[in-house]
Every structure is written in structure tokens, then in C-alpha cells.
Amino acid sequence: MRGYLINYIIKIEKTDYGDYGEDAMFALTNIEKPAIKPLINEIKTQFEKKKFYFYLVGALTEIKNEEVYNFMKEISEDYIKDEEKYDEWFCIDAFVADFDKQGKKEILPLLEELVNLDRISKHERIEIKDTIELIKDPVSFHRKLEKEIEEAKPMIEKYLKEEKQKFPKKIDKKEFNKRMWTPEKGLEIQFKCYDCKKKQNINPGIIKVLGNKPPKFNFENEILCKYCFSNNLKPTIQGGRDIMFQSLGTFYGSRTGIVSADDKIYVENKLMPLKESYNYILKRIEQAPENGELYLRAGNIARNFNKYHEAIRHYEKAIELNPNLIAIYLNLVEIYELRYKHYKIKDAKVSAIFYLNEMMDVFRTQDFDSATLKNTGDIIQFIGEKSESLGISYPELIKIPIPSTKEKIGRNEPCPCGSGKKYKKCCLT
């Protein structure tokens, strides 16, 4: 019987009818001690195959037993020590969720160590913290849970009502646009580096969700591995889920910083799919290799694909060809300041200050090239903010006249927000 129930769970969890495995899980849990050995052996076998069966794990971890506790503790310790062994297939939050059933508070230091790992996703961290709170004080935890459920009811009812209508009847476009373009403070998304294989949480800034079949993501901030400094990172499965939850929250008003955008952009006033834009600009450089502005644009486009090492090379070449292109310095300062502030790369501060000084020198001449900039009046604000952030001072900054007021954007020009729409059909409305 035990073997039949175990095989049934494995078979059913591979199908779209996985929820039917719950009864088999409860049956195994009720068998208790006789089910423990077969369950542990099967779970170990499946872990070696990099398979995580929720109902199989749940059947075991719901049984209060010293052998079960030791197995859970052993796997949790191994998870902390060996990251590569437990990749995206392993659901650490589900595995430790039933530690409260074991009734042992001595597991708390291990769970605290686990929850503080940088590679734990936002969702996993929430679930593990709940387990910790439940073990520490079950009564307070359940009271808090009941309160949260009551507070969430109005939002859930509103969501269900709007889902039924397919779309909210009223939406404040101005307020919604503000939510989209306001990065959420403290937001972190789980990424995996495909060079060193490490998972980590990174603040992506504003996230653009491009298209929907399947959606692609574009990030405001550089996504840089904190361990090997590679740009070869992608959101994990859980990271992708967290982005989509953030997107729903932005739409319904509880979150910010997710922009739904077309997967097309303008390059040299030509509308094209984003995926084709980089090859296009590289071919243009082949046609006009002495055009500094093309290298500037190539750097900007490379950043859309998180190719920051290539972007920096393009910007450096643009400086060589046309040092008056002030947007080059602006972009380089942004890149290196983020590396210094967010990724704690000390040398990046030196580079950020160097390019800010270069930018200031070009700006002082009032004879700079403003290509790719829609509003040159923002330059003073940018220099002021970055000089304060980097701890340097330009006393004469306030005396410098702001060059030309806001440049007028034509109604039929591409909107500067990057939506790919004409200005009259986007932010002008």
C-alpha cells in the first residue's frame, strides 16, 4: 500500500491533475512510522534526479518523528552549504514549511541562517519567516494571520469583481502612469548567474514587461553577478513569478515599478522589434565607423540587453570620436555609480567621478552635443545629484545658466518614455 501511494503521487504530480495527490499524501502521513523509511528513500532518489514532488515531501515532513526531523535538518544544512546541488528544481520554502510540526525550537538558528541567505527569493524568504514565527509563537502567528486575512478581504473582493468584468471600469491613467514609472524601494528579484551558477537577489529598478508570448523582461539597472561580475544572469523561475505578481500589484495599486511596454523601439526614428535593434545599430556602425553618435546609440541599446561590458566599450569609442557628446558621460556615470552604490565595487567610484568630471568640463563650455537627450535642462540636476552621491563638489554649479528650456517634442515624434508610441498617443494625453 505504501509503495502504491508513493508511486501514485509521483505519477499524478507529473500531470495537470497534481492536486489529486493530496489524498494520497494524507494517507501516507496517517500511516506514520511505517511510511517514513520508504518516503525518505524515495525522496532521496528523486532529489538525486533533481525532482521535487510536493506531496511526497509533504507526506513525510507532516509526520512528527525524530528520524524525519533529522532528515529535514540534514537536507537544510546541505542546502546552505552546497548551492549548485540545489538549483531551481528545489523548493526550500516548501521543504522547511513543516518544521513547526516537529516541535523543536532548536531548529530556529538554522532557519535564521537560511532566511538570511542572499540567494533566497522574496517569496521563499516570506514563507521561511512565517515558519520561524510559527515555531517561536504559534498563538501570535495565528492571530496575525487572521488579521491579515481580514484586512486582505476588500482587496481580494475588488480583484475578483474586476476579473469578472475583465477590466476595471475606471482607471486613473495619470496615477497609473506614475505607479509604473516609480521604482519600488527595496524591490529585489531572484536571478541566477549562468557563469558561476549562483542565485542572488538584485534590485532591478524599473522593470519593463515586453510582449506576452512569452513575456520578456527589460531592467532599468544593470544586472551584475555579485560573485563573478558577469552580466550573464536571468530571473529564476521564482524571480519571473515575482515580477508577474509585481506587475499585477502595479496595475491594482499595491505595487509600483512595472511597465507594460511594446517590444518595439525607435532607433534613428525607425520603429523595429527590440530583438533586432542591436544588430541594426552594429550594421550602421559598419557603414559609418567614424560616427560617434552611432556608438553612443549602440551603448544605449546594448544596455537594453544587459550587455554592459559592450556598452562601456561603445561609449569609450564614442568619446574617442566625439568627446562633446555629453550623453556618453551621463551614461557612464550612471553605470559606475550603480556599481559602486549597489554592487559595492570600490574602483567603480573612481570611474564614476572621473566621467562626472569629464562631463562637467564639457558642460562648462556650453558647446556640447546633446544627441539622444530630450531635455538638456536636466543636465544640471543630474550633475548635482551625482556629485552629492559621490561626495564631490562643484561650487560654481549654481552659477551655470541652464541651456535652453525644455525642448519641444513634436506630437508625432516617438514618446521619450520609451513606450514606442507617438507622443500624442502616449504621455501627451
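I started with what covers the buried residues of helix 1, and the cover includes helix 2 (21-31), helix 3 (33-48) and helix 4 (54-61). Helices here are DSSP runs of H or I, at least four residues, and strands are runs of E, at least two, numbered from the N terminus. This is a predicted model, where local features need pLDDT of at least 70, side-chain atom pairs count only at pLDDT 80 or more, and totals for chains, interfaces and linings use all residues. Residues are numbered from 1 along each chain as its sequence is written, and side-chain values use heavy atoms, with hydrogens and water left out.

Next I listed the buried residues of helix 1: Leu5, Ile6, Ile9, Ile10, Ile12 and Glu13. Buried means under 20% relative accessible area, exposed over 50%, partly exposed in between (1.4 Å probe, protein chains only).

Then cysteines. I found 0 disulfides, a disulfide being a pair of cysteine sulfur atoms within 2.5 Å. The sulfur of Cys193 has its closest cysteine sulfur in Cys228, 3.6 Å away, so that is too far for a bond. Cys193 counts as buried because its relative accessibility is 0%; I also noted Cys91 as buried, at 18%.

I see 3 strands in an open sheet, order 4-3-6, with mixed pairing (two strands pair if DSSP finds at least two bridges between them). Strand 3 (residues 207-210) runs parallel to strand 6 over 4 bridges, and I noted Ala261 in strand 6 as the bridge partner of Leu210.

Note on methods:
Contact = heavy atoms within 4.5 Å.
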